[in-house]
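Visitor: I have the file open. Can you take me through the terms and the values behind them?

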Amino acid sequence: MNTAFWPLLKCLVISGTGLCIPTHTRINTSLPINIPRTGGPAGAEADVYLPLSCGRDAPAPAAPGSARGPWEGGRWGRGRVRGQQAASARGLGERGFRAAGPRGRGVAGSRSRRRKGAMVVSVEPHRHEGVFIYRGAEDALVTLNMVPGLSVYGERRVTVTEGGVKQEYRTWNPFRSKLAAAILGGVDQIHIKPKSKVLYLGAASGTTVSHVSDIIGPDGLVYAVEFSHRAGRDLVNVAKKRTNIIPVLEDARHPLKYRMLIGMVDVIFADVAQPDQSRIVALNAHTFLRNGGHFLISIKANCIDSTASAEAVFASEVRKLQQENLKPQEQLTLEPYERDHAVVVGVYRPLPKSSSK
Ligand SMILES: C[S@@+](CC[C@H](N)C(=O)[O-])C[C@H]1O[C@@H](n2cnc3c(N)ncnc32)[C@H](O)[C@@H]1O
């Protein structure tokens, strides 16, 4: 698609209506994929980096796309309680975050850094390209802010001087983003990296989309599909400041309605929380996903079948995906951030091994 038309296309947003319900859980790699891998972020092979500030420093009301209530002076309102209990059960702090510090938890030495006066902070790359880990009083998952000076949903910004250059990062809250929860849970691949073209289904007001925008950078593109008017308004405002987000206010069940706005993509990320989500992803994959491209789907078991066990729902969704040429490769639950949610990651029409390099 000719990039000269993007600003024009960004105006061609079409409206719809919708409800927002979040999702997630975890299982893992290598087939057969239906064997749950237990343990949340504290799992042995997981990268355990917890946000330093999601609670205390992110007092913004919950985004319209979130089932979580507003920050209520020290604890999350409606919806947070479960995550909190789960987090406490795993030995995390009350807010679900673990301060870096001695005694073998977090990063040894943080407390002594604090005692000496000036806090030494740093940022190091996460193994997922475009994602970083902030090391300070508390460690946090962060992304490099594409629009320095601006937060998107009240998240904390941190500035670090690297080689004489100041860089601003935005903290990424796993209680508000299933992609962040999956990364903290140790997902093997996210396939979203600098320069990626991403189709994001269920963008809500742009919380996670904004971090995807940071990861892919100015040379990437994220087409953000959302059918709720209210969330769509916020999303459009986020996109006004971030040139790599194309908001598409449409129903993801009808990809042909927005096919003129979207080119072929490398990755589809879906978080629509609908009973027919697998079908929605398949329709969009057949229309926009390149062969050998990847998908990530957040599945909320309750949304699909509230009478079956979460594991049974995940297995049945995986079967639906397989029937559509979407080959699941990894499955992971999102405790302690979300209960009975899973993220499934896979490949679409895998290329023959010789041509996939
Ligand atoms: C769980 S929320 C998404 C949260 C978002 N992914 C985030 O991390 O910030 C689900 C969103 O999907 C949207 N949605 C549900 N069904 C949809 C559909 N058929 N087409 C477009 N958006 C849809 C809802 O309006 C809602 O905003």
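**Strands, helices and cores**

Guide: Strand 1 and strand 2 form a hairpin, with 6 residues between them. Gly-130 in the turn has a positive phi of about 90 degrees. This is a predicted model: local features need pLDDT of at least 70, side-chain atom pairs count only at pLDDT 80 or more, and totals for chains, interfaces and linings use all residues. Residues are numbered from 1 along each chain as its sequence is written, and side-chain values use heavy atoms, with hydrogens and water left out.

Visitor: What makes strand 1 and strand 2 a pair?

Guide: Two strands pair if DSSP finds at least two bridges between them. Strand 1 (residues 122-125) and strand 2 are joined by 4 bridges and run antiparallel, so they meet the rule. Among the partners, Pro-125 bridges to Phe-132 in strand 2. Strands are DSSP runs (E, at least two residues) and helices likewise (H or I, at least four), numbered from the N terminus.

Visitor: How do you know that strand 2 and strand 3 pair?

Guide: DSSP bridges again: 3 of them, in the antiparallel sense. Phe-132 has Val-142 in strand 3 as its bridge partner. These two strands form a hairpin with 4 residues between them.

Visitor: Why are the residues of strand 2 called buried?

Guide: Buried means under 20% relative accessible area; exposed is over 50%, and partly exposed lies in between (1.4 Å probe, protein chains only). Phe-132 and Tyr-134 point one way, Ile-133 and Arg-135 the other way, and all are buried.

Visitor: What makes strand 8 and strand 11 edge strands?

Guide: The open sheet has 7 strands in the order 8-7-6-9-10-12-11, with mixed pairing. Strand 8 (245-248) and strand 11 (326-333) each pair on one side only. Inside the order, strand 10 (residues 289-300) and strand 12 (residues 341-348) pair antiparallel over 7 bridges.

Visitor: What does helix 5 lie across?

Guide: Helix 5 (residues 207-216) lies across strand 6, strand 7 and strand 8, at about 165 degrees to strand 7. Angles run from 0 to 180 degrees between N-to-C directions, with axes fitted to C-alpha atoms, for helices over the stretch in contact. Contact means heavy atoms within 4.5 Å.

Visitor: Why is the set of 37 residues called a nonpolar core?

Guide: A nonpolar core is a set of buried Ala, Val, Leu, Ile, Met, Phe, Trp, Tyr and Cys residues joined through side-chain atoms within 4.5 Å. Leu-199, Tyr-258 and Val-265 are among the members that touch the most others. A second, separate core of 36 residues includes Leu-179 and Tyr-200.
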